[in-house]
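Hi,

Here is the structure I promised to hand over. Please have a look at it first, and then read my notes below.

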Amino acid sequence: MKSDLFSTENMAQQAAVPGMTLQNAKSIKYAVNGEMHARQGSMIAFRGNLQFERKGQGIGGMLKRAVTGEGLPLMAVRGQGEAWFAHEAANCFIVDIEQGDALTINGRNVLCFDATLSYEIKTVKGAGMTGGGLFNSVFTGYGKLGVICEGSPIVIPVSHQQPVFVDTDAVLGWSAQLHTSLHRSQSIGSMIRGGSGEAVQLKLEGEGFVIVRPSELTPQKASQN
């Protein structure tokens with residue numbers, strides 16, 4: 001049988017070493033030798049001897065209830081084998097986190113990560129009760145984190161001289177050391193006249209970066225996640 005479908009770039013190859021790699025722009029391949037964690041329901045295929053277990057209430061930091069910003073449960077994947085992960089054909093990226101790094105990521109953008117990483121669910125300071133700014137997962141330690149984004153993400157540097165203002169429904173994540181607060185960019189007069197649709201943003205100050213996606217989260221997408 002012959003087809004472009006069977007081209008080398010589409011064929012899954014046997015993993016040479018354990019760990020996370022990009023299968024393609026829309027999926028991540030993980031060669032499991034022990035344990036890793038992933039967004040529940042994100043596994044699209046696997047081979048080998050693997051078990052998938054819902055992450056629930058446990059003991060200690062890594063075993064506490066794993067609920068991210070949009071109430072998303074995680075699962076533990078254990079054993080030896082290969083698994084592929086994806087979510088609604090979103091673009092996939094791998095972030096290498098080193099000792100001393102701290103990255104805060106919106107839960108809806110977490111796909112999978114190494115068990116060597118520690119995570120903590122935190123309220124975003126200064127975000128109040130706004131859309132995507134309620135809770136984020138703060139990742140520390142060392143290892144790889146698989147992140148998803150609808151469209152191509154935009155990484156914007158943040159400095160003391162140039163703070164950045166982001167829509168809470170478009171922000172994906174940022175350097176955890178940045179200071180966050182709410183910023184109102186719309187006048188009372190504009191609100192009375194119907195508003196601009198951009199009334200409140202999340203302000204980030206300090207030294208680091210913020211990642212945004214090229215679209216806002218729609219109510220329909222929010223309910224699906």
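To start with a term: Ala, Val, Leu, Ile, Met, Phe, Trp, Tyr, Cys and Pro count as nonpolar, Asp, Glu, Lys and Arg as charged, and the others, Gly among them, as polar. By these classes, the lining of the second largest pocket has seven nonpolar, four polar and two charged residues.

Before going on, please note that this is a predicted model, in which local features need pLDDT of at least 70 and side-chain atom pairs pLDDT 80 or more, while totals for chains, interfaces and linings use all residues. Residues are numbered from 1 along each chain as its sequence is written, and side-chain values use heavy atoms, with hydrogens and water left out.

Back to that pocket (an open set of points on a 1 Å grid over the protein atoms alone, where a 1.4 Å probe fits, with protein on both sides within 12 Å along at least five of seven lines; lining residues have an atom within 4 Å of a point). Its volume, the space filled by probe spheres set on the points, is about 200 Å³. Of the 13 lining residues, Ala-15, Ala-16, Val-17, Thr-21 and Lys-29 lie nearest the centre. Strand 1 (19-24) gives the most to the lining, with five residues; strands here are DSSP runs of E, at least two residues long, numbered from the N terminus.

Next, the cores. A nonpolar core is a set of buried Ala, Val, Leu, Ile, Met, Phe, Trp, Tyr and Cys residues joined through side-chain atoms within 4.5 Å, where buried means under 20% relative accessible area, exposed over 50% and partly exposed in between (1.4 Å probe, protein chains only). The largest one has 16 residues, and Met-36, Phe-85, Leu-111 and Cys-112 have the most contacts inside it. Strand 2 provides the largest share of this core, five residues.

Finally, the rings. Rings of Phe, Tyr and Trp (its six-membered ring) pair if their centres lie within 6.5 Å; planes under 30 degrees apart count as stacked, over 60 as edge-to-face and the rest as tilted. There are four aromatic pairs in the structure. Phe-46 and Phe-52 make an edge-to-face pair, with 5.1 Å centre to centre and 65° between the planes. Phe-113 and Phe-139 are also edge-to-face, at 5.0 Å and 75°. Phe-113 lies in strand 7 and Phe-139 in strand 9 (residues 135-141), so this pair ties together parts 26 residues apart in sequence. Phe-113 is buried, at 0% relative accessibility.

Best wishes

Definitions and conventions. Helices (H or I, at least four residues) and strands (E, at least two) are DSSP runs, numbered from the N terminus.
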